[in-house]
Amino acid sequence: MQSPMPVTRLISYTLLCLLSSLSNVSASAQALPDTVQAALKRAQVPTDAVALLVMDTDARTAPRLSHRANQAMNPASVMKLVTTFAALDLLGPAYTWRTPVWVNGPVVNGVLQGSVFIQGQGDPKLVLEKLWLLLRRLQGLGIHTIAGDIVLDSSAFEVLATDPAEFDGEPLRPYNASADALLINFKSVVMTFAPDRLTNIARVQFDPPLWSVRLQTSVPLSVAKPGVTETCSDYRGNLKADFSDPTRIRFNGSYAASCGEKVWPIAYADPGSYNARVIEGLWRSMGGLLTGTVRTGSAPQEPATFEITSPPLAEVIRDVNKFSNNVMAQQVFLTLGLPAPATTESAREAVRQWWLHRISASDVPNLDNGSGLSRHNRISAQQLGQLLQIAYASPSMPELMSSLPLVGVDGTLKRSQASNASAHLKTGSLREVNALAGFVHAASGRRYVLVAIVNHPNAGAARPALDALVDWAVRDNQGQ
């Protein structure tokens, strides 16, 4: 008969088993799933260029997977999660932006004997339709002619002028538009091309109308070579568009009828004059007259004649996150820096203070801007994971989750090859950056926070590895 194990040895043995168990858990957490490793190998992305984290939303258990989770990395547009959750937390999901309008003077026989003042307060979604309603309200007050000026006040945001080509050399991409307290229609022009075989031209429609800009309203249809089937491979290049002169948009090429109708949005070449050209162009297209000019100035201090409001924040962040709208994200970010004038620095400080009080008092990410369109933003997978765990437990969780693309269904993940409808994830993509972060709905019924960041010259080829990680997280009851 064996003698019983001494108490001291029993305690030591128990501690040894516990430490061994914890060591095994840690080692298991660091091991990448086979499918993820294989996809990274095919993409020629080393594992030390990747940060991965999968853990329960309730924060009560060890991570299911943790790989370089504390490494600060560039998350690209995944940084919008910080901006949008901070906004939900600080402003509330029902927050709206207001654009007040003053009618300064009497209206006599349809003529306003004075000026109209419009003050921007940061509305991220003051699109063409809302501007039309604003001007229609003026007409509803009996105004047909404005004898004075239309004065625009954008002083709520103090944003330094930037070169739209500075980031990626693509100044005409709408996502490079800069923030503006009076951001009208994202400072973009939408061109619609509709082929007409009977007249052998493609008609071109421009929205919104731009005052004092000559617009070419038709383009000849291209003629296919004998024996060659006409294709629509590069209709933009074939148009040979010339946007160099802000007072004229023209095309030196042709348009293929096989393209059907196409819509091409561009950022206007002279963003500084955009608001004035759009407001005057739309006012006159509605039959209104203007004796003076559209100019910048300061709004009156008295109560406004009327105001229009934006959709609520919960709706705005759906556009921000599902379609990764950079300029809308910047509008939300700068709003956090109010009261006026809001600056990038005041917005950064507001988010920093929020992070210190709400997320972590000792571990703050480096936030260059609120959109993620930056080479200087830095955040770790662990920081993002902590933010998402706190968001999941917050009253704003439904609004944040519903703003994220649903895998294989909509937004920037509509064409994802991962398990359909299994996760709500924010995407991020820049040159040498690829990222995903959000919530996974697993087959077992559990809910996970997932974060994946790749910083490498081959990051663009790593998307299958991120899809494989999502699939692995979903199949949590089927092992690795």
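Mentor: Let us begin with a pocket: about 570 Å³ of space lies in the second largest pocket. This is a predicted model, in which local features need pLDDT of at least 70 and side-chain atom pairs count only at pLDDT 80 or more, while totals for chains, interfaces and linings use all residues. Residues are numbered from 1 along each chain as its sequence is written, and side-chain values use heavy atoms, with hydrogens and water left out.

Trainee: What makes a space a pocket, and what makes a space a cavity?

Mentor: Both are searched for on a 1 Å grid over the protein atoms alone: a cavity is a set of points where a 1.4 Å probe fits but cannot get out, whereas a pocket is an open set with protein on both sides within 12 Å along at least five of seven lines, and a lining residue has an atom within 4 Å of a point. Grid points are joined across faces, edges and corners, and a volume is the space filled by probe spheres set on the points. The second largest pocket is lined by 29 residues, and Ser-178, Asp-180, Lys-187, Pro-271 and Gly-272 lie nearest its centre.

Trainee: Which helix or strand gives the largest share of that pocket's lining?

Mentor: Helix H6 does, with four residues; H6 (271–285) and strand E17 (294–296) each supply at least two residues of this lining. The names follow DSSP runs numbered from the N terminus, with helices (H or I) of at least four residues and strands (E) of at least two.

Trainee: How many cavities of 30 Å³ or more are found in the whole structure?

Mentor: The search finds one, and the largest cavity has a volume of about 40 Å³. Phe-243, Asp-245, Arg-248, Ile-249, Ile-266, Ala-267, Tyr-268 and Ala-269 line this cavity. Its lining divides into six nonpolar, no polar and two charged residues, where Ala, Val, Leu, Ile, Met, Phe, Trp, Tyr, Cys and Pro count as nonpolar, Asp, Glu, Lys and Arg as charged, and the others, Gly among them, as polar.

Trainee: Why is Ile-249 called buried?

Mentor: Buried means under 20% relative accessible area, exposed means over 50%, and partly exposed lies in between (1.4 Å probe, protein chains only). Ile-249 has a relative accessible area of 4%, so the residue is buried. Ile-249 lies in strand E14 and, not counting residues up to four places away in sequence, touches Met-191, Phe-206, Arg-214, Leu-215, Gln-216, Asp-242 and Phe-243, a contact being heavy atoms within 4.5 Å.

Trainee: Which peptide bonds are cis?

Mentor: Among them are the bond from Leu-338 to Pro-339, with omega near 15°, and the bond from Ala-340 to Pro-341, with omega near -5°. Pro-339 lies in the loop between H8 and helix H9 (344–358), and Pro-341 lies in the loop between H8 and H9 as well.

Trainee: How do you know that the length of helix H12 agrees with what a helix should span?

Mentor: The expected span is 1.5 Å times one less than the number of residues. For the twelve residues of H12 (residues 463–474) this should be 16 Å, and the end C-alpha atoms are 17 Å apart, so the two agree. H12 is also mostly covered, since ten of its twelve residues are buried.

Trainee: What makes a group of residues a nonpolar core?

Mentor: A nonpolar core is a set of buried Ala, Val, Leu, Ile, Met, Phe, Trp, Tyr and Cys residues joined through side-chain atoms within 4.5 Å. The largest has 51 residues, and those with the most contacts inside it are Val-82, Phe-85, Trp-354, Leu-387, Leu-388 and Val-451. A second, separate core of 49 residues includes Leu-131, Leu-134, Leu-221 and Tyr-255.
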